[in-house]
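Colleague: Could you walk me through how to read strand pairing and ring pairs in a model like this one?

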Amino acid sequence: ELATKILHLSFKGRAQQSSIKNFVITDKDEKDDKFYLIFGKAGPDIFNLDIQTPFSPIQAISVAISSFDRKLTCD
């Protein structure tokens with residue numbers, strides 16, 4: 001018998017498509033499912049980025065861009 005363990009993240013409806021780039025940053029000690037950053041794929045080339053403090057918009061964009069595995073510079 002094959003045992004499967006699955007971790008399910010709540011994207012609060014912001015990620016409509018599965019992607020390895022989807023992620024949530026939260027406080028593990030919070031009891032009310034509070035998030036600080038949600039990055040989720042909404043379409044073929046569309047992503048949603050939702051943030052709350054302590055992240056600034058530039059910090060959140062930097063974290064989201066870092067999830068892409070392609071080089072951003074030319075060799």
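Colleague: Which residue stands opposite Phe-35 in strand 2?

Modeller: Thr-26 does. This is a predicted model, where local features need pLDDT of at least 70, side-chain atom pairs count only at pLDDT 80 or more, and totals for chains, interfaces and linings use all residues. Residues are numbered from 1 along each chain as its sequence is written, and side-chain values use heavy atoms, leaving out hydrogens and water.

Colleague: How many bridges join strand 1 to strand 2?

Modeller: Strands are DSSP runs (E, at least two residues), numbered from the N terminus, and two of them pair if DSSP finds at least two bridges between them. Here four bridges join strand 1 to strand 2, and the two run antiparallel. Three strands make an open sheet in the order 1-2-3, with strand 1 and strand 3 (46-51) at the edges.

Colleague: And which rings form a cluster?

Modeller: Rings of Phe, Tyr and Trp (its six-membered ring) pair if their centres lie within 6.5 Å; planes under 30 degrees apart are stacked, over 60 edge-to-face, the rest tilted. In this case Phe-23, Phe-39 and Phe-47 are linked into a cluster. Phe-23 and Phe-39 are tilted, at 5.6 Å centre to centre and 40° between planes. Phe-23 lies in strand 1 and Phe-39 in strand 2, so this pair ties together parts 16 residues apart in sequence. The rings of Phe-39 and Phe-47 have centres 5.1 Å apart and planes at 5°, so they are stacked.

Colleague: Is Phe-39 buried or exposed?

Modeller: Buried means under 20% relative accessible area, exposed over 50%, partly exposed in between (1.4 Å probe, protein chains only). Phe-39, at 5%, is buried, and Phe-23 is buried at 18%, while Phe-47 is partly exposed at 26%.
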